[in-house]
Amino acid sequence: WQMLAIYMVLAASLSEQQALKQACPSCYASQLCNCSSMGLDFIPPGLTAKMTVLNLAHNRIKRIQSQDLQQAVNLRALLLQSNKISSIAEDSFQSLAKLELLDLSSNSLAHLSPLWFGRLFSLQHLHLQGNSYRDLGQSSPFSSLRNLSSLHLGNPWFSVIRQGNFEGIELLHKLWIDGSNLSQYEQGSLKSIKEINHMIINIRDSNIFSEIVRDLLHSVTWLEVTEIKLPVEKKSLVQNSIRPFKIQKLTFKEAFFTDQTISQAIVLLKEITSLKELEAINCVLEGKGIWNTKEIARSGQSFVETVTIIKIMIQNFHLFFDLEGMESQINKLKRLTIASSNVFMVPCNLARHFSSLLYLDFHDNLLVNKRLDETICKGGWPSLQTLNLSQNSLKSLEQTAKYTSRLPKLNNLDISQNNFGEIPDVCEWPENLKYLNLSSTQIPKVTTCIPPTLEVLDVSANNLKEFELQLPFLKELYLTGNQLKTLPGAAPIPNLVALSVRRNKLNGFSKEAFEGGQVGTVHLSLMECHRSLVVSLICVLVFLVILLLVAIGYKYHMVWYLQMTWAWLQAKRKPKRAPPKDVCYDAFVSYSENDSDWVENTMVRELEQACPPFRLCLHKRDFVPGKWIVDNIIDSIEKSHKTLFVLSEHFVQSEWCKYELDFSHFRLFDENNDAAILVLLEPIQSNVIPKRFCKLRKIMNTKTYLEWPAGEEQQQIFWENLKGVLKS
């Protein structure tokens, strides 16, 4: 009995392993098991302790049962997102003490049970978003997850957050909540989490937003809010909260502002004295810039040092006011980015009050040279060190250089991707300029317009044919994507450390070009360094690919498929059937040459000498000489009431009568008619027939055969049956 029991256990284990191999071949004897997008509606059996990663995403799994994952005790990652899971047994994950990542997002879970996660002591990343639960329950589902680092939850139906829902979580690197329809938030619910590095929340209710901010003042470092309409209320965001606060960065994405709400938001956010960075991405501002500047000024100085605005949409932006009265709010700002936002000018008076600004990024806007004169006026941006004006509409390099020369501390200038087209011989630049980016500016050459003070110069993606400038302090030179045929000389740039000359027309290097200077490191692509070798390798690879395609084509009869496709296209141009008056045969006979003796001496004699006689079409006797074989086949089939197949082992193994005759099958079955008669000279299994003749395999499984018998009495019955079919 013990041996029997052991045998039964082993048999069951082997059966499960076989089932796993069949359901998901990549899982068999592998640590990484990828069963995603395989149409599975259950977790495959046979999972073992060898597996560390199990990916079952994008299937149709509806439930997880107790025994499904019981043996997978060493799993580190379990991916179950995008299924239809609505039911999970309470002890389903009980054996997964080593699990670090669990993704149950985009399923149909209507509630969350604390028992699911009770034994997941190593879990660091939990994804629960995109299900159908409306709340997290009365207590915390996460109380045992002491090592949790990132948590994703919420959905369009998620509406309630209660006190105690996050008990047990002390530190999170990332918390993501989809609360687009959140309607109830109990004050203090998020306070139990002591530290959150980055929190992202999708929320529309401005009152709940204010309550959440009050709870996060001492725990969140970076708060990111999407889809919100900012509040108009004047209720304080900090109320009686004790300083110091922790929140340093606040990001708004796809938010909606008006002149009134943005004025109030500026006043309220000043109360968060720890806030150093504000960011607005893909937001909408409805207004003309008529802000309540007096109230903003009365509320005191802002502590924000960095402002980033990307892709803000302002309807009728050309009517936007110059923000007069905001001068007192910007003099402490150190970094400002306004990109892809249709900026065409900054008033000179406003520019002069950016007294502490070190970094200014206006890339991808509508600045032109005429407006740049106003934007960079004398006395404006007095502390600016870095300026990015790339992807604007600047046309004159000479004027651009002149205006930037008004910035006394500027050392880094990016004016790439402007269409200058030409370059003068002399330009006026800032005295301390060390970095200049002139890439993709359509300049045809370099002249002494380039300032000699530079340490880094980028003139990539232009039309330069040579580079012969004297730049004694230059350390990095980028010449990628030009038309250079020779390297720049070493003597004019004695301090050069890095040189990029990729995608040029260089044919070789000479020792004189370096004048004895030692090159530390050279980064050349394989094509640039060994062109002939690469070309040879490519030719060999192309030859091998062609050889492989020929081999595959031969193995899988690709030539036959091409022939049959061409024949089918030719046949499509002809009518499906000949007119009744042109039908002159009772049957077209398809047979192998090896069976011709039986066909010509037995079957033809029996049928054509019957009373009344049958007229048969044989390719040897009735095909028109000189006519293309395919046309002969088509015409014969069309002029016959039936097509009679004489099947045997010879027929199957003879390349189906030299492929051309096979078109009769192809044409016949393509029309889906019922004119086929199958005569078996000897027993033949349908699985012996080549797979490419799938329609014939199918018809052999669905139609009745006429099988040639051995006895004379049965042969007489055979002939009577065949004659009856031919007459039908």
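Predicted model: local features only at pLDDT ≥ 70, side-chain atom pairs only at ≥ 80, totals over all residues.
**Entry 1: the three-stranded sheet**

I began with an open sheet of three strands. I read its order as S15-S17-S19, and the pairing is parallel. I then asked which strands stand at the edges. They are S15 (256–258) and S19 (313–314). Each of these has a single partner strand, so one side of each is left without a neighbour in the sheet.

Next I looked up how S15 is joined to S17, which covers residues 284–286. Three bridges join S15 and S17, and the two run parallel. As one example I noted Thr258, whose bridge partner in S17 is Glu286. I also looked for a helix on this sheet and found H3, residues 259–269, which packs on the sheet and touches S15 and S17. The direction of H3 makes about 95 degrees with that of S15.

**Entry 2**

I turned to S14 (residues 249–253) and S16 (residues 277–281). They pair in the parallel sense over five bridges. Within this pairing I found Phe252 opposite Ala280 in S16.

S16 also pairs with S18 (residues 306–310), in the parallel sense and over five bridges. Here I noted that Glu277 stands opposite Thr306 in S18.

**Entry 3: the five-stranded sheet**

I moved on to an open sheet of five strands. Its order is S29-S28-S30-S31-S32, with parallel pairing. The edge strands are S29 (616–617) and S32 (706–707), and each pairs on one side only.

How many bridges join S31 to S32? I found two between S31, residues 676–680, and S32, and these strands run parallel. In S32, Glu707 is the bridge partner of Leu680.

**Entry 4: a nonpolar patch**

Val540, Leu541, Phe543, Leu544 and Leu547 make a nonpolar patch of about 490 Å². I picked out Leu547 and looked up its place, which is in helix H10, residues 531–555.

Why does Leu547 count as partly exposed? Its relative accessibility is 46%. Partly exposed lies between buried, under 20%, and exposed, over 50%, so Leu547 at 46% falls in that class.

How values were computed. Residues numbered from 1 in each chain as written. Heavy atoms only, no water. Patch = residues over 30% accessible without salt bridge, like charges linked within 9 Å, V, L, I, M, F, W, Y side chains within 5 Å. Areas by Shrake-Rupley, 256 points an atom, 1.4 Å probe, with all protein chains shown as cover. Salt bridge = Lys/Arg side-chain N within 4 Å of Asp/Glu carboxyl O. Helix = DSSP H or I, 4+ residues; strand = E, 2+ residues; numbered from the N terminus. Buried < 20%, exposed > 50% of the residue type's maximum accessible area, 1.4 Å probe, protein only. Pairing = 2+ DSSP bridges. Contact = heavy atoms within 4.5 Å. Axes fitted to C-alpha atoms, helices over the stretch in contact; angles between N-to-C directions.
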